[in-house]
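These are my notebook entries on a few places that I looked up in one protein model.

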Amino acid sequence: MSGNVRLLNDTLAATKSEGRAALIAYLPAGFPTVDGGIAAIKAALDGGADVVEVGLPHSDPVLDGPVIQTADDIALRGGVKIADVMRTVREAHEATGKPILVMTYWNPIDRYGVERFTAELAEAGGAGCILPDLPVQESALWREHADKHGLATVFVVAPSSRDARLAEITAVGSGFVYAASLMGVTGTRESVGAQAEDLVRRTRATTDTPVCVGLGVSNAAQAAEVARFADGVIVGSAFVKRMLDAPDDTAGLEGVRALAADLAKGVRGQA
């Protein structure tokens, strides 16, 4: 069974041909429940997201800020398992036909087994994985199995990444490059800043792979700002916060759908 890296590539090519950035939403699996998480992802896609990253909840996240940590804790206390993550990917993709990736730290994959994880993700219709803590020089085993199963390998670059390091990372990554807009953890910010634009410029000098920016975008104006220079705008904490702040699940889903619609206007320059 082959995964959907081609669908991801085609989606990013299509948004580029429309003269806009892609809107990429992040939501963790199992939050607030497995079924609730699937519904939230569908709401984000229905609202206007082009791609979704499904977070695999982790007890010791190095990149995630307090909002996503809170959601991960709820999911973990609810007993979420990798099988639930795969189910989330499958049902979200089958319902929408859009590319679904998994964002995960390396330890859960290592413990689960690389071949098993990649085979199951491909079978579920997944498009690939974002691996924020997997060093490129230690990624050969993962990439071998990801390539075999038609999955993208998305690495994260940061403003601190030197040009030579960027070239090393982009030479082996696929799908897109995740450009962290600033040093630090996930969370909404007042502004995304010039660091992100400089990082995108330096990354693009090393690759034709799309460069998508995450960490800090929370509203349409910020999405429009980032969309001027990036191929994709990644939003996570703002979606999770809509769920956390909602008085009930129905209101949470409506909040996610409304935010996606607002951000979709932003990436189209309509904000």
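**Entry 1: the start of helix H10.** I looked at the start of H10 in this predicted model, and I found that a side-chain oxygen of Asn 219 comes to within 3.2 Å of the backbone nitrogen of Ala 221.

**Entry 2: the buried side of H10.** I then asked which residues of helix H10 (residues 220-227) are buried. They are Ala 220, Gln 222, Ala 223, Val 226 and Ala 227. These residues lie on the same side of H10, because they cover an arc of only 160° around the axis. I noted a general point beside this: an α-helix has 3.6 residues a turn, so residues three or four places apart point the same way. Next I looked up what the buried residues of H10 pack against. Their partners are strand E8 (211-214), strand E9 (232-235) and helix H12 (249-267).

**Entry 3: aromatic pairs.** Are Trp 106 and Trp 142 buried or exposed? I recorded both as buried.

Tyr 112 and Phe 117 form an aromatic pair that is also edge-to-face, at 6.2 Å centre to centre and 90° between the planes. Tyr 112 counts as buried because its relative accessibility is 18%, and the cut-off for buried is under 20%. For Phe 117 I noted 0% relative accessibility, so Phe 117 counts as buried. Taken together, ring pairs join Trp 106, Tyr 112, Phe 117 and Trp 142 into a cluster.

I also looked at the face of the Tyr 112 ring and found Arg 116 lying over it, at 3.8 Å from the ring centre.

**Entry 4: Thr 104.** Where does Thr 104 sit? I located Thr 104 in the loop between strand E3 (100-103) and helix H5 (106-112). Thr 104 counts as buried because its relative accessibility is 1%. I then listed what Thr 104 touches, leaving out residues up to four places away in sequence. The list consists of Leu 56, Ile 109, Cys 129, Ile 130, Leu 131, Pro 132 and Asp 133.

Notes:
Residues are numbered from 1 along each chain as its sequence is written. This is a predicted model: local features need pLDDT of at least 70, side-chain atom pairs count only at pLDDT 80 or more; totals for chains, interfaces and linings use all residues. Side-chain values use heavy atoms; hydrogens and water are left out. Helices (H or I, at least four residues) and strands (E, at least two) are DSSP runs, numbered from the N terminus. Buried means under 20% relative accessible area, exposed over 50%, partly exposed in between (1.4 Å probe, protein chains only). Contact means heavy atoms within 4.5 Å. Rings of Phe, Tyr and Trp (its six-membered ring) pair if their centres lie within 6.5 Å; planes under 30 degrees apart count as stacked, over 60 as edge-to-face and the rest as tilted. A charge sits over a ring if NZ of Lys or CZ of Arg is within 6 Å of the ring centre and within 35 degrees of the ring normal. The arc is that of the directions from the helix axis to the C-beta atoms. A polar contact is a pair of N or O atoms within 3.5 Å; within protein, one must be able to donate a hydrogen and the other to accept it, and residues adjacent in sequence count only if both atoms are side-chain atoms.
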